[in-house]
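Visitor: Could you walk me through this one, starting with the pockets and then the charged pairs?
Guide: Gladly, and here it is for both of us to look at.
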Amino acid sequence: MRELFSVEGKTAVVTGAASGIGRAIAEMFSKLGGNIVASDIDERGLNDLVKNLSDQGLSIKGFKADITNVNDVRSLVSFTLSSYGKIDALYIVPGINIRKSIENYTYEEFDKVINVNLRGSFILLKEFLKVMKSNPNGGSVVLLSSIRHLVVEQGQGAYAATKAAIVQLAKVAAAEYGKYNIRVNVIAPGVVDTPLTQQIKNNPEWYKAYAEKTVFKRWATPTEIASVAVFLAMPASSYITGTVIYVDGGWTAIDGRYEPNIQ
């Protein structure tokens, strides 16, 4: 049973690892006995993560890469293989959001969001899957979408579009690579306390409204998302592929914010 819920000896690449959910995944995976190649464009945050975990005697290496740069991603693949000899799991975490109405969005801003969130995810899938399919034990790929692929609010046009596209991209990848025993899944978080949500946290009314929309009346921590992400690399999740797992505190399950007085 313990082997079913283990990542010991497995090698995972975590992109967007310098902060937030990506950092939490890297920390959890390595503390459970796995090898980590952590990658981010934020070199300072990345170095801090690597030093912190290395000082604890954990197996982690860092590699600065821009996921929108094909050569960077190819170098990340090569670095991982030269470091650990295999890739068992890939976590595609990076994402940006520019909150503006469609009318006020510039085309440059639209392209930026699409480039990071969707094109970057596609590049990572393409470059890693063609290597991971040679792994005799298969592997697991986890992409980070959002509840915004399903439910939206004003100002989420470009972001929501990319998060919806990521879901379909993952389903196609799951269909294409299942024959190699590679599973591809999506996590759709709700509100999570990360640097990406700092704009909301700075507005007390906005922050509270988001908390009240959940069953638990609070935001998620990055660790609560990471725990599901790491589970998806364990043998216990071997029959899960092509699906979306909502880690949203019930946001998408409940109807509105009013609680009727019932007995």
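Guide: What follows covers the pockets, some salt bridges and a surface patch.

Visitor: Before that, what kind of model is it, and what counts towards the values?
Guide: The model is predicted, so local features need pLDDT of at least 70 and side-chain atom pairs count only at pLDDT 80 or more, while totals for chains, interfaces and linings use all residues. Residues are numbered from 1 along each chain as its sequence is written, and side-chain values use heavy atoms, with hydrogens and water left out.

Visitor: OK, how much space lies in the largest pocket?
Guide: The largest pocket holds about 860 Å³ of space. Its lining has 41 residues, and V93, P94, G95, I96 and L196 are the closest to its centre. A pocket here is an open set of points on a 1 Å grid over the protein atoms alone, where a 1.4 Å probe fits, with protein on both sides within 12 Å along at least five of seven lines, and lining residues have an atom within 4 Å of a point. The volume is the space filled by probe spheres set on the points, which are joined across faces, edges and corners.

Visitor: Which elements give two or more residues to that lining?
Guide: Those are α1 (20-31), β2 (35-40), α4 (107-132) and α5 (157-177), and α1 gives the most, with three residues. Helices (H or I, at least four residues) and strands (E, at least two) are DSSP runs, numbered from the N terminus.

Visitor: And how do the lining residues divide by type?
Guide: The lining of the largest pocket has 19 nonpolar, 15 polar and seven charged residues. In this scheme Ala, Val, Leu, Ile, Met, Phe, Trp, Tyr, Cys and Pro are nonpolar, Asp, Glu, Lys and Arg are charged, and the others, Gly among them, are polar.

Visitor: What about the second largest pocket?
Guide: Its volume is about 200 Å³, and among its 13 lining residues K10, N137, G139, R183 and A233 lie nearest the centre. That lining divides into four nonpolar, six polar and three charged residues.

Visitor: Switching to charges, how many salt bridges are there?
Guide: The structure holds 12 salt bridges, each being a side-chain nitrogen of Lys or Arg within 4 Å of a carboxyl oxygen of Asp or Glu. One of them joins D48 and R23, with the closest N and O atoms 2.7 Å apart.

Visitor: Where do those two sit?
Guide: D48 lies in helix α2 (residues 43-54) and R23 in helix α1, so the pair ties together parts that are 25 residues apart in sequence. R23, E27 and D48 are also linked in a network of salt bridges.

Visitor: Is R23 buried or exposed?
Guide: R23 is buried, at 17% relative accessible area, whereas D48 is partly exposed at 45%. Buried means under 20% relative accessible area, exposed over 50%, and partly exposed in between (1.4 Å probe, protein chains only).

Visitor: Which side chain does E127 meet in a salt bridge?
Guide: E127 meets K130, at 3.1 Å from N to O. Both lie in helix α4, three residues apart, about one turn of the helix. E127 is buried, with a relative accessible area of 4%, while K130 is partly exposed at 40%.

Visitor: How about K86?
Guide: The side chain of K86 forms a salt bridge with that of D88, at 3.2 Å from N to O. K86 is partly exposed, with a relative accessible area of 31%, and D88 is buried at 7%.
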